[in-house]
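Q: I'm new to this one, so could you walk me through its aromatic rings once the structure is up?
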Amino acid sequence: MKNLLLIILMSCLSSMTFAQTFSVKGTVQSQSKEAVSFATVSVHNFKDSTLVKADIANESGGFKLGGIPKGKFYIKVSAVGFAAFQSPDFEIVDADIDFQPFILSSGAQQLGEVKVVASKPLIEVQHDKIIFNVEGSINATGSNGLELLRKAPGVQIDKDENILVNGKSGVRIYIDGRPSPMSGRDLASTLKSLNSADIEAIEVITSPSAKYDAAGDLGIINIRLKKNRKIGTNGNVSLGGNFGISPKYNASLNLNHRDKKINIFGNYSYNQGAWHNQTLDNQILNNIKYDKTWNGIWRDTSSNAKVGADYFINSKNTIGFSANGRISNHNGGGESQTLIGKRFASVPDSVVLDSRTSNPETNKNLNFNLNYRYADTTGRELNIDADYGIFNSRGVSFQPNKYTFNTPGMESIERNYVTRTPIDIIIQSVKADYEHPFKKGKLGYGFKLSDVKSDNTFDFFNQIDGVEIRDTDRSNNFTYTERVYAGYVNYNKSLHKKWDIQAGLRMERTKSLGHLTSYKHNDLDKVDTTYINLFPSGTLTYKASKDHSLNFNYSRRINRPGYQDLNPFEYRIDELVYSKGNPFLRPEYANNFKLTHIYKGKLTTSLGYYRTRFPVVGLRIPYDKSRTYFIARNMDYSQGVNLNMSLSTDLTKWWNIYVSLNGYYNQWRGEFENGLTIDNHTTALNGNAQSTFKLKKNWSFEISGWYNSPYRRIDYNSGMGMMDAGIQKKFWKDNATLKLTFSDVLHTARGGYHSEYAGIATDLRFKFEGRMLRVNFNYRFGSNEIKAARDRRSGSEDEQNRVKGG
């Protein structure tokens, strides 16, 4: 295996030397013959004006651009304080070219007097993804990462803070190209620690090519953090506050230095606050009703930091290093009261259960990336990434419970518990991707090796008279190791002026081993699986005219179980609810089809179909006569159709609108032991809308909202939505921005669900703290000259996303 990979790598490197290229050089001067330092110099193809090569002149105004093939070109030069310059066209035949000095003029046309406004649209539609530009929304101000996802096209957040696309779970969440090392409620915690001031865009990639990991049966959502692309030394500072039931604060600082040879960058952000929520959970089990009222407070203090550097060896070769870390201290505790009594009794409830829960937890995540990139002007490109990630969590749950009886003479009973759940995970990966021209197209291939080691401990203690006594029947340790070997090939080609095709095939071999160590014997103490899968993908694009284009996408995907979901031991959520892993969970396999029509880049319509084998759902099953537990199970299949329409356009010079409507039909079917059969289907709709008004003197106003109609998976979920309004002012030569937003104007941040199966009937209603006044101040300083930054994805793209914290 190692020899094969070495041969592939060497062949990639050796093939780069075959194409003959040349260089152009010269100097940039002012009209007074003085050197113009750090001017931007770019070579363009004469035929279609496409960019061939670009660089920055040195301090003496000199430049040299290599790697240019034979052909006809022209050169553009720009510098602050000077008019833009364009050379006459020239042709490279068989030798380098040394130009006479380029003379830049100043005066009425000088660049320093031109005001350039470059604002990104709120939504960008590309053939394989939809991009939600966070900076294009005033009302995104002060939101955290989870709240922003609610605003993204086609994305929903359910009652348990799971992320859905088209009413279905299974999407993979990446943060800046590498997945968050958590899933479920712990992934939600991580997303809450991100602030909108740190987020540049959210990419919804529903049809990833073979180059991407096959994990995520609905594709990928990548939360892209801000990157500084400016020459020189510059930065950005942001301060914000959210004022609702309790105040919340955030701050961030970004610094960057870039010159011809090196780019050094770093950022830090801080978030602190408390979020309130309330849940009314009414349950009937064995003709006994349990009416629970929960008042929760989510307290969080988190710090995020990233440092790194890119060194530009020459015009073709770049090496880079980055390290990022996150420390989060949060507590999801609260108070609850449960009234317990007979279902149809007319007398008052016979038992009252009071609980005050505290769940302090500290999560630490540290990731290192070392990368190398080779790229020439003939289209050959090699990217190599090596990643090492560490995630550890230290969680404690205090669960004091007090039963009070209405029966005369019966004294109250206390049952107090403590659980400690340390988790340690190490993720290692290396990958290489190579692309080169082939038969008038582009051929890409590569490999990836990943290794994950997870160590999860669950210690359960009974607290008696203030002393913690370990319950050996309820304590365990679960270790899990997984190795994935992957290789792929992908090809892109224009078949005709109007037709483009992309086709790829990815192969992944997965070997996993889970081992349970417990005081109590468990027949399911070992999970050992090995499987090999093929994942084809393809895209066919037809450009009917300049206004109309059609895309057809297909991809086969896999969704592997979360590491902790395989642990067959019990976890106590509270006195009456447990959770249990399932070592027999199978991966989900999905086939996705999508047809998209784009009109003038403004109106997008898509029709999609999916079918998934062995979809994983969470079921609530009776534990005994009075308690229930959650367990993940595979169903037989699910399938669905979705229709999406989105429009982004300027109605006038001062009024822009964006509207997205997504309708879908989903079906779920599964048969389980004890005669339980689930055959559910749902038809539902969700939508997002935003109107932005540009006012005088750099003022702008925005109103936006989202709505999810009632829908059904296993449960019947009620509809919910929210509307925000905000205003923005730019000043200090557009370097400073002040945003003010009033969220949840109509006070509709609430929802609920109803379920009835396996002898359990549940009615649950919840509301969260949505109404807030959000204030944010942002200031940019330093150089404003732009140079394109490298856009990299790390190697550990799937593994971190499946980790569950404590």
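Q: How many aromatic pairs does the structure hold?
A: The structure, which is a predicted model, holds 25 aromatic pairs, where rings of Phe, Tyr and Trp (its six-membered ring) pair if their centres lie within 6.5 Å, with planes under 30 degrees apart counted as stacked, over 60 as edge-to-face and the rest as tilted.
Q: How are the rings of phenylalanine 63 and phenylalanine 102 arranged?
A: Their centres are 5.9 Å apart and their planes lie at 20°, so phenylalanine 63 and phenylalanine 102 are stacked. Because phenylalanine 63 lies in strand E4 (residues 62–68) and phenylalanine 102 in strand E9 (residues 102–104), the pair ties together parts that are 39 residues apart in sequence; strands here are DSSP runs (E, at least two residues), numbered from the N terminus.
Q: And phenylalanine 63, buried or exposed?
A: Phenylalanine 63 is buried, at a relative accessible area of 5%, and phenylalanine 102 is buried too, at 6% (buried means under 20%, exposed over 50%, partly exposed in between, with a 1.4 Å probe and protein chains only).
Q: What about phenylalanine 731 and tryptophan 732?
A: With centres 5.1 Å apart and planes at 80°, the rings of phenylalanine 731 and tryptophan 732 make an edge-to-face pair. Phenylalanine 731 is partly exposed at 24%, while tryptophan 732 is exposed at 54%.

Key:
Residues are numbered from 1 along each chain as its sequence is written. This is a predicted model: local features need pLDDT of at least 70, side-chain atom pairs count only at pLDDT 80 or more; totals for chains, interfaces and linings use all residues. Side-chain values use heavy atoms; hydrogens and water are left out. Helices (H or I, at least four residues) and strands (E, at least two) are DSSP runs, numbered from the N terminus.
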